[in-house]
Amino acid sequence: MKTKKGLMITVFFICLPILLSGCGALDEQGNNSDELFNLDPTSTISVISPDAENLSSNIKFNSNYTKAIWLAHSWAWEADHTATDNLATFLENSGVDLVYLNAGSFDGDGTIPGLSGYSDIMKNNILDSLKNHQIKVYAWVNGKTKEDNPPGPIDLGNSVTRTNIVNTCKQIAQLGFNGVQLDLEPIAAKYVKESTNTKGAFIKLLDKMNDNNMGPGKKYKLSVATMKYSNTSGIWYWDLDNFATIKNRVNQMVIMAYDYGDSISSEDQYAHKITTMVNKLGAKFPGKVNIGLSANKITTSHTQFETVSAGIQGIQNASNASNLQGASLFLFYDPSQVPAEGEMPTEDEWEQFNQLFKRPFLPIDSDKDTYYVQSIGGNDCNDNNSAIFPDAPEICDDVDNQCPGDAGYGQTDEGCGAPAVTVATVAAGTNMLSALAIADVDNDNQTEIIIGGEATKILYVYTYNNYTITLKYAITLPEYMRSITVGDVDKDNKNELVIGTDLGASPSDSGGYLRVYKVSASGVLTSVWQSNLISSFRYPKEISIGDSDGDGNPEIAVSVSWDGRFLVVYEWNGSGFSEFFTDYFGSDGDASYYADVDGDGVEELLVSTACWSDYAARIYDGNILTARFNGLGVSHSIKAGNLFGDSSLEIVRFSDSVCGQDDPAPSVDIFKYNGSNYDHIGSVALPDNATTGGQHPIGDIGDIIGDGYDELAEIVYGSSNKLDSLVIYSFDGTTFYQLFYQVVDALSDQQRLSNVVIGDADGDGHDELVVLGWDNKFAVYDW
């Protein structure tokens, strides 16, 4: 598919009007002159009778094939909901059950430029309309690789680019898509290799997609537009081994079976090539393969031979045609312009295509999960439960969510609530550990777990791989440590270590410094900057890194507790840090966090305060306090994340009783921006052993089970004679439920926990959870 805009029609009766302007030949006034394509978008298409006389006698397709179309990128920008509803109605009435919507084209760094400018338009219009009509929608994303001629901008060998592609796909999928159609061209065969010790770049990309909940058995389906089949692989060709390498990593392989160039000299030869391809791939990969044909007669190398008619004949001649998932028809057509001669199929070609794919269609979907009941040829094994369908993700609901033949079928809540737990001991005699971070602190492309404490001047750096924790190195610092974070604070594209220190131990309230270091791969520190003396550090969530005024200069926020009780923000000035602003709010500043919570493209600074004043959460745009909400108790943690799988972030404040009192009860409070203010949209109550009377909760959020929703993890302090515990909540699309609960007594002699952080500790694309004990142990929880 060699264009950024266009339309593909898969297993479909007739051409659809694109942008509601029709797609047949147009006269000089732009009106439809071809009756075949002159369809009103709200018209009803008669359901084809299942009688045998209405079906072509030589059709060999399985009746469960997918009927889908590819929609041009212009639909992503369509803000007229009436227009998108009309299209969706037309598609539903025509029996279409899957749409590939072009959600954008990748830039060289693996991002999609301008995505934020149309994400909400796409979500609220075309995506909303299609899903309201029970039509599944995949995000079709494409781009040119450096192997193209001329070279495209995408280098699949670059790990950062791959990570950005995955993150972009996940970001788009979370708008509400059912899956992702990945279309990178060309994908050279060398990138689709796998051996005992090595993986090709495209395989690494697919694995990372799988790790981020895209692929078989995951929340989002994964479709790949592949190269053509050949016995000999190359830039534009894959052999059977290449297809075999990806088959278990994707839900669908769409083969671009056109543009063969000089190798095709007749329609019979083209048909024979298609027949051979269908027989080879259909036999090896039943139910995975979709054959892509081209109706465009302008861009193909031998237009007089690579016809739709010949391609269809090739499919019909194949003995393994019934093993196909379907076939696709690709149109190089910009719907905003009059189609050029040769860009559209002829009436005869459409008729042949329609005859190939006729089947009865009765849209029975009782549970509205967009999968149809088996009695009418669908594949939903349970049409009374919307959480059970083919290749469904396990959502930890005490039900087996998969269907027969799926990975995980026959198991209930596999992978839920039972993580692998790896415990490690820091140096003997170490205690009062509280500072914790997960990041690549030394820029060696390996994530580390970084630990410090209130009674030690040694910073411990660990790696976690294959359920094994290894001490990488230990670093001696000039002071004790209270807070740690890691990020690029000097704009050199490398991470720095940022530490809030204390001149005394446990805590001394003697004051301390904010220190910024570069760390070498062997653990050697180089000082970047040091603040003046700050009156007091007390809690592990007090410092954070971001950019709240959107000027591109990193900021370090320090939320000071106890002595002074204020917020100070430093900003990079090109050679060091200058004080950006200070806010003396008279209450312990126990936590800070940067995130774009109002969707304006610029991060806000979130600050949570505790004793002894207003117990508020504050939101700053730059140095301006724009919002605050009070009265929810004290908190040592404030975060933001995607709890509900939509396109905007929620604010999460982990709250406990007011200092020295028993009210309010401990809870996790959730806020969301409504366009002008922040609504308190709900709370998650904690277990009954949660303490009262001033023991402050620590929490974090992240997608630790790979379900597309961020989980809430919190340390629950045990009151009186009860032990501390770890509790995790997840959202199942309707409500929050308790995913995991464990009383933790193995990490501290005093049965006390001090910190919890979620992050990708082993660099596999999947978040782990790290819990730090007050004494000398910590644990990695890996789902």
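**Note on the predicted model**

1. Confidence comes first. The protein averages a pLDDT of 78, and 75% of the residues score at least 70. pLDDT is the predictor's confidence in each residue, from 0 to 100. This is a predicted model: local features need pLDDT of at least 70, side-chain atom pairs count only at pLDDT 80 or more, and totals for chains, interfaces and linings use all residues. Residues are numbered from 1 along each chain as its sequence is written, and side-chain values use heavy atoms, with hydrogens and water left out.

2. Two stretches call for care. Over residues 1-63 the pLDDT stays under 50, and the model has 188 contacts for them beyond four places in sequence. Contact means heavy atoms within 4.5 Å. Residues 358-363 also have pLDDT below 50. That stretch has 21 contacts in the model beyond near neighbours in sequence.

3. Next, the cores. A nonpolar core is a set of buried Ala, Val, Leu, Ile, Met, Phe, Trp, Tyr and Cys residues joined through side-chain atoms within 4.5 Å. Buried means under 20% relative accessible area, exposed over 50%, and partly exposed in between (1.4 Å probe, protein chains only). The largest nonpolar core has 82 residues. Leu156, Leu182, Phe202 and Ile291 have the most contacts inside it. A second, separate core has 20 residues, including Leu753, Ile758, Val771 and Tyr781.

4. Look at Leu156. Leaving out residues up to four places away in sequence, Leu156 touches several residues, among them Thr145, Ile165, Tyr191 and Phe202.

5. Now one sheet. Helices (H or I, at least four residues) and strands (E, at least two) are DSSP runs, numbered from the N terminus. Two strands pair if DSSP finds at least two bridges between them. Here 4 strands form an open sheet in the order 17-18-19-20, with antiparallel pairing. Strand 17 (480-487) and strand 20 (525-530) are the edge strands, and each pairs on one side only. From one strand to the next, the twist averages 30°. Axes are lines fitted to C-alpha atoms, for helices over the stretch in contact, and angles run from 0 to 180 degrees between N-to-C directions.

6. Follow the pairs across. Strands 17 and 18 are joined over 7 bridges, and Tyr480 stands opposite Asp502 in strand 18. Strands 18 and 19 pair over 4 bridges, with Val498 opposite Val516 in strand 19. Strand 19 (residues 514-519) is joined to strand 20 by 5 bridges. Val516 stands opposite Trp529 in strand 20.

7. Is strand 18 buried or exposed? In strand 18 (residues 496-502), 7 of the 7 residues are buried, so the strand is largely enclosed by the rest of the structure. Both faces are covered: Glu496, Val498, Gly500 and Asp502 lie on one side, and Leu497, Ile499 and Thr501 on the other.

8. Finally, charged pairs. A salt bridge is a side-chain nitrogen of Lys or Arg within 4 Å of a carboxyl oxygen of Asp or Glu. The count comes to 19 salt bridges. Lys146 and Asp155 form one, with the closest N and O atoms 3.4 Å apart. Lys146 is partly exposed at 38% relative accessibility, and Asp155 is partly exposed at 25%.

9. Another pair is Lys639 and Asp700, at 3.7 Å from N to O. Lys639 lies in strand 29 (residues 634-641) and Asp700 in strand 33 (residues 698-702), so the pair ties together parts that are 61 residues apart in sequence. Both residues, Lys639 and Asp700, are buried. Elsewhere, salt bridges that share partners join Glu194, Lys199, Asp207 and Arg249 into one network.
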